[in-house]
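Q: Could you walk me through this structure while I look at it? I'd like to start with the strands and then move on to the helices.

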Amino acid sequence: MSRSSYIFTSESVSEGHPDKVADRISDTVVDAFIAAEPQARVACETLVTTNRIVLAGEVRAGRPGASKAENKAMTKEIVKSLEPKVRQAVKDIGYEQKGFHWEKAKFACYLHPQSEHIAQGVDASDKKDEGAGDQGIMFGYACDETPELMPAALQYSHNILKKLADVRHSGECPVLEPDAKSQVTLRYEDGKPVEVLKIVVSTQHKKKIGAHSATPKRVQELIKPYVESVIPEGLITRKTQWLVNPTGKFEIGGPDGDAGLTGRKIIVDTYGGAAPHGGGAFSGKDPTKVDRSAAYACRYLAKNVVAAGLARRCTIQISYAIGVAQPLSFYVDLHGEASVDPAKLEAILPGLIGGATPRAIREHLGLNRPIYARTAAYGHFGRAPEADGGFSWEKTDLVDQLKSLA
C-alpha cells in the first residue's frame, strides 16, 4: 500500500548550469541537421569547460533517394555551419564571462559519419519498417499534483529557475548570472502537496548588489519575491526554511566553475525522481532514437490518461530492441487509484499512436522538426504545446477517446 503522507524533494538546474549548456549545444546540433534534412541522424555529445567547447558523435544528413556521395557532401556542409550556431546558443544563455565567453571560447568539432551497421538496423527498406535506434526501456509519467500534470516539487523547482532567468534576461535583475540550481522539499498529506518545508537556491551572481557586496543574505532578499511569485499561495509559510547560496559566494560558475557534459541531468529532464527513468538521455539525439521519442510518447499517453480522469497517477513503460520496429513490451501502472483496468489501457494505448513503432511515434507527434534546443532547460515535460510543433507530446488531444473507457 502506497503512503499518502510523506516528504519529497526534487531539484532543477538553470540553462546556464554547465551540463545544461552542453545539452543546449547538443540540441542546437540536432536542430541544425533536422532543419536541413528532416530524416537526418544525430547523436551529438558536448563537453564544455573553461573557454572550450568540444563536440563529438556521429551524424548523417540522410536525404531519401540521395546517393552516398550526396549525403556525405550535405553532412559536411551542415557540420561546417555549426560553429556560429553553437556560439549563438551560448550567447543566448548569457555567457560573456572571462572564464567562458560565447565569442572567445575555443571550438572543436569531432562529429563523424554514422556507423553503417547502426544505419542498416534503423533505416526502413522494402523488407522492413524503420527500426528502433537502440535497445532500451523508456518511461512516461503524469499526476494530478499541478495544472501541468507534473510532480509538484519538480515543477516548482523549474518555475523558480525559469523566473530568475526571465528577470535576468529582461534586465530587471542584472545582478544574476546564468548558472543556478534550485531544490524544493514538500510535505504531502493524502497524496497532495500541502506545505513547502525547504527551498534551496544557489545562483551565480555579480560581485555587488548596488554598492554592497553580494552576500547570501542580500541575494536571498533579492530573489525571494521572485521565488514566492511562482509557488502557489499558501504553500510557503513562516516555517519554510530558505537556503540561498549556502556555501557563500557564487561568482565563479558555469563551465568555468565546473565542466559540463551532455545527458547528465536526466532526472531534472524528466520527473524529478517521482517516477522511474530508463537511463537514456534525450539531448543530442534525433527522434529515431527511442530514448527520446518513445519517452515523449510515454509522457503523451500518460498525461492523456490523467487528463481524462482515468487515474490520479499513471506510469507507462515501453521497451525496444535495436533495429526492430515493434515494441517488445508495453506496461501501464495506475498506482491503485483508477476507474479503468490497466490491462485494458495496455491493449488500447499503443494503437492510438500507430502501434508505438518509432516511425509512428515520430509521425504522430511531428518530431522531425527543429524543435529541440528549447527543450534543453527547465524540463522536457510540463511545458505548453507550441504552434510550430514544439512540445507536441504535451497535447491532451486523446482525452475524449479515453473518457469513453471510464
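A: Before the strands, a definition: two strands pair if DSSP finds at least two bridges between them, and helices (H or I, at least four residues) and strands (E, at least two) are DSSP runs, numbered from the N terminus. This is a predicted model, in which local features need pLDDT of at least 70 and side-chain atom pairs count only at pLDDT 80 or more, while totals for chains, interfaces and linings use all residues. Residues are numbered from 1 along each chain as its sequence is written, and side-chain values use heavy atoms, with hydrogens and water left out.

Q: OK, how many bridges join S6 to S7?

A: Strand S6 (residues 176-189) is joined to S7 by 11 bridges, and the two run antiparallel. Glutamine 183 has valine 200 in S7 as its bridge partner. The hairpin of S6 and S7 has 2 residues between the strands, and in it aspartate 190 takes a positive phi near 55 degrees.

Q: And what about S7 and S10, parallel or antiparallel?

A: S7 and strand S10 (residues 236-244) pair in the parallel sense, over 5 bridges, and lysine 198 stands opposite glutamine 241 in S10.

Q: How many residues of S7 are buried?

A: In strand S7 (residues 192-205), 11 of the 14 residues are buried, so the strand is largely enclosed by the rest of the structure. Buried means under 20% relative accessible area, exposed over 50%, and partly exposed in between, with a 1.4 Å probe and protein chains only.

Q: Switching topic: what is the strand order in the sheet with S12?

A: That open sheet has 3 strands in the order S5-S12-S13, with antiparallel pairing. Its edge strands, each pairing on one side only, are strand S5 (136-143) and strand S13 (329-333). Strand S12 (residues 313-320) pairs with S13 over 5 bridges, and isoleucine 316 has valine 332 in S13 as its bridge partner.

Q: Which helix lies across it?

A: Helix H9 (residues 290-307) lies across S5, S12 and S13, and runs at about 30 degrees to S5. Axes are lines fitted to C-alpha atoms, for helices over the stretch in contact, and angles run from 0 to 180 degrees between N-to-C directions; contact means heavy atoms within 4.5 Å.

Q: Which residues touch the most other members in the largest nonpolar core?

A: Of the 77 residues in that core, Leu345, Leu349 and Leu402 touch the most other members, and H9 supplies the largest share, 11 residues. A nonpolar core here is a set of buried Ala, Val, Leu, Ile, Met, Phe, Trp, Tyr and Cys residues joined through side-chain atoms within 4.5 Å. Not counting residues up to four places away in sequence, the contacts of leucine 345 include Val305, Phe330, Val332 and Leu402.

Q: Which residues of H10 are buried, then?

A: In helix H10 (residues 342-352), the buried residues are Leu345, Leu349, Pro350 and Leu352. Seen down the axis of H10, they fall within an arc of 145 degrees, so they line one face of the helix; the arc is that of the directions from the helix axis to the C-beta atoms. Ala347 and Gly351, on the other side of H10, are exposed.

Q: What covers the buried residues of H10?

A: The cover includes H9, S12, S13, helix H11 (358-365) and helix H12 (399-403). Beyond H10 comes glycine 354, whose phi is positive, near 70 degrees.
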